[in-house]
Amino acid sequence: MAPLEPGAGNARIEVREGSGAFVVALHGEFDLANADELAQVLATCPPDTGLVIDMTHLRFMDSSVIAVLVEVATSGRTIRLRHPSELISQVIAATGLTELLPADG
Amino acid sequence: MTAPAARTGDHGQARWWALHRVAVIVLVLGLIVTVVLAFSSRTSYVHSERRLTNLQVQLTVSALGIAQVQIEQQLGRALDLAAEAPDPGATFDRLIAPFVGSKGGFTTAGLQRVQGGSVDIVAHVGAPSIDNLHGKAAARDFEQAVHSSSLVTVRVLGHGQQRLGYLLSVTTPAGIFVAGAAQALPASRRFTVPASSPDADLNVAIYFGRSTSTGALIETNAPHVPLTGTVSMGTVPFGSNFLTIVATPRGSIEGAWAQRLPLAIALAGALFTLVVAFMTEWLARRREAAEALAVENRQLFDEQRGMAETLQRSLLPEELPTFPTLELAVRYAPGVAGTEVGGDWYDVMAVDDRTVFFSVGDVSGRGLEAATLMATLRHTINAYAMEGAAPDVALTKTERFIDVERLGHFATVLCGTIDTVTGQAVLCNAGHPQPLLIAGGTSTYVDVTAEPPVGVHPARRTSVAVPLPEHSILLAFTDGLVERRGELLSTSLERLRQVARGDLAVDPLLDSIVAALVPDGASDDIAILAVQWHR
């Protein structure tokens, strides 16, 4: 799948099919301005496959982006975070979402 | 609220003809420069024309001087040789003949001898008579010639003719010889100049004597005299008399283009000035319109922002309960980034005569939806708490009304009860920053682990009992107070901990925290609640 360009600045979403899961890679910074873009991309992924959110190149996300991930996670899909930075991990933990949005391996 | 659109309309329509000051300045300056340029060009042209005319007059004067010398030589040579010759008449005839008639410049010439009071005509060549020389005036001129050795010049009018006469005398032992010659001039007093001549561009009038009265006019190539316009004048001695030359340019010596240059400069300058002034006016109006639009946008922004803040504040509690053992202080500040209303809140209420229930929360996202959801949550939690539900139970029950999957929002909430008599607090944390406990000059975050936010429906929620030390302050806040984009949350929280460990009362404490952490306003909304318990 081709890279999708969200509206906000330098942020970028890449989607590729991994082994048994869709890998959604987030590049740059995500907030209220482009949370909807991410929601739309995640909605296009087939509902019966797992999702891996690759956060290797994610520099920042705010609560509106966490809300998008939580929304997907509470809909019954398995969602895992790959390589979240310390910055992201702290926010996830402080929001009590470590179990709902577990880090991958 | 005023109507910005009406103001703009007034402005755009009423004064379309009224120029901006800058355009008027450009117009006036441009016209002044144009006038100065055209005037100086005109002055320079006139000056140059006058100089050229003067030069031409000087040339004519020189030519006339040469002509006089020629006449004097021709007449003088014949006179001198004839006076010395044995037969003066024949010698004069022979020497003057080439200069008389169609070949020469004279129409007639003669030689007379004055001896012992009588005057004899010795020789006569050319046209029959110079008898006009015998009038009264002529006698005076003849006398003058007899007593002078230099050329006497006479202007003779009569018989429809105009002639210039020349008289020259020489004294010998045999008597005084007087040579005379006359030159016919056009009776019309008009002459033409060949187009190739340098004088072709000039109107010239030559007068006999120093006067330029019409009667003294010898000849001219101009249709009318006296000459007008850029007039140059020169006077040249002509024998015993003078010739006066008056000249003026016919058309333009420097050519038509030079003559029209000042006008061209004036027209082009005026046109250019008008165009520049018009463009300046146009730019000024555009800038004004843009400024008006910017002001309008600013007003709209401020209005929306004001509405958002008003709405937000209206959703927050108006009054805080009072207990003798509690000091309460709250702060709410909307984010400076946008106009949208946020979902942050604080609340404190009395459950009974010794227990208070408080909550601080943050609905994810912004906008009216987040704000109304915030109000719903706050009131629902309060309702359950009012019925005596423990904080964890109140949150769990409230969660029936909020589903992140359905609404797209979740809420982080820190809530709890405080027994105002014992200082015993019971806290429950749904994904919210831990509260800070400030006691005895130190501050520590209360270990009440964040469980998932409201809306995520976790399997269980836990309430934690925290005994508040006497005079300690419990500080609950939303993440807008500490959050910095790109900074570790632990770093942000540590900054707050450092700032908030003083020994201040609740109100000055909140003032100092806000001043230290968000001096210019936070990008996100902020809600803060400080509770101090005294025994």
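Modeller: A residue in chain B

Leaving aside neighbours within four places in sequence, Asn382(B) is in contact with Asp347(B), Met349(B) and Phe357(B), where contact means heavy atoms within 4.5 Å. This is a predicted model, in which local features need pLDDT of at least 70, side-chain atom pairs count only at pLDDT 80 or more, and totals for chains, interfaces and linings use all residues. Residues are numbered from 1 along each chain as its sequence is written, chains are lettered from A and ligands numbered from 1 in the order in which they are written, and side-chain values use heavy atoms, with hydrogens and water left out.

Asn382(B) sits in helix 6 (residues 368–386) of chain B; helices are DSSP runs of H or I with at least four residues, strands are runs of E with at least two, and both are numbered from the N terminus. Asn382(B) counts as buried because its relative accessibility is 10%; buried means under 20% relative accessible area, exposed over 50%, and partly exposed in between, with a 1.4 Å probe and protein chains only.

Elsewhere in chain B, the axes of helix 2 (residues 21–84) and helix 5 (residues 256–315) come within 8 Å and cross at roughly 170°. Helix 2 of chain B is therefore roughly antiparallel to helix 5 of chain B, a term for angles over 145 degrees, on a scale from 0 to 180 degrees between N-to-C directions.

Chain A has three helices and four strands, in the order β-β-α-β-α-β-α along the sequence. Of the 105 residues in chain A, 49% are buried.

Technical notes:
Parallel < 35°, antiparallel > 145°, perpendicular 65-115°, else oblique.
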